[in-house]
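Here's a quick briefing on how two chains meet. Have the model open while you read.

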Amino acid sequence: MRSAHVGASSSGDEASGQLLPLELVDVAIGSRVWVILKSAREFRGILRGFDEFVNLVLEDVTEYQFTESGTDTRQLPSMLLNGSNVCVLVPEGGASERTAA
Amino acid sequence: MDSMPGQHETQRPADFLRQILGRPAVVKVNNGAEYRGNLVCLDGYLNIVMEGTEEFVGGELKRRYGDVFLRGNNVIYVGPAPAK
């Protein structure tokens, strides 16, 4: 039902049983995701929502920044992640499942 | 998927932005700097105006600004300031 807003052009693909890329993101809502940006930065958190630009609303987020001296991590309760920097999104496990960071 | 027990409702980016408006926020930009202040207004490009802003570089407070405009293309993320 929500897929209606994800891909306006999806009707034909739905008929063929083809999953559109943003429909995979839609399926991940409510579960933990691993987001890798174009730069040396990654995020893990619960995906709460997204839009057509793949801007992501994340909750209970851990940010990882990779530097020459190691990895900086920090926790944030929630954030809107700008889609223009997003490179990879990996769905991880079930709803609210916590991964050992 | 959003009907699972214990789950909040789906929150799209536009909803999230409305929710954090007028509140203390933290914004991370591309060069690694972080801005903390009161979020006055923003738009769909993630252009952001903050007041009472503190600029942190490498976790250290570098400067304070009254009002700042942050151009949206530099914004990595924006969120409510974590409770101290």
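This is a predicted model: local features need pLDDT of at least 70, side-chain atom pairs count only at pLDDT 80 or more; totals for chains, interfaces and linings use all residues.

Residues are numbered from 1 along each chain as its sequence is written, chains are lettered from A and ligands numbered from 1 in the order written, and side-chain values use heavy atoms, with hydrogens and water left out.

**Extent**
- Chain A puts 29 residues into the contact and chain B 26 residues (contact means heavy atoms within 4.5 Å).
- Together the two chains bury about 2300 Å², 53% of it on carbon and sulfur atoms (buried area is the accessible area, 1.4 Å probe, that two parts lose on being put together, summed over both).
- On the chain A side, A:Arg48, A:Arg74 and A:Leu80 lose the most area to chain B, together 26% of what that side buries.

**Charges**
- The rule finds 2 salt bridges across the interface of chain A and chain B (a side-chain nitrogen of Lys or Arg within 4 Å of a carboxyl oxygen of Asp or Glu).
- One salt bridge links the side chains of A:Glu63 and B:Lys28, at 3.7 Å, N to O.

**Strands**
- β4(A) and strand β5 (residues 75-80) of chain B pair in the antiparallel sense over 2 bridges (strands are DSSP runs of E, at least two residues, numbered from the N terminus; two strands pair if DSSP finds at least two bridges between them).
- A:Leu80 sits opposite B:Val78 in β5(B).

Terms used
Helices (H or I, at least four residues) and strands (E, at least two) are DSSP runs, numbered from the N terminus.
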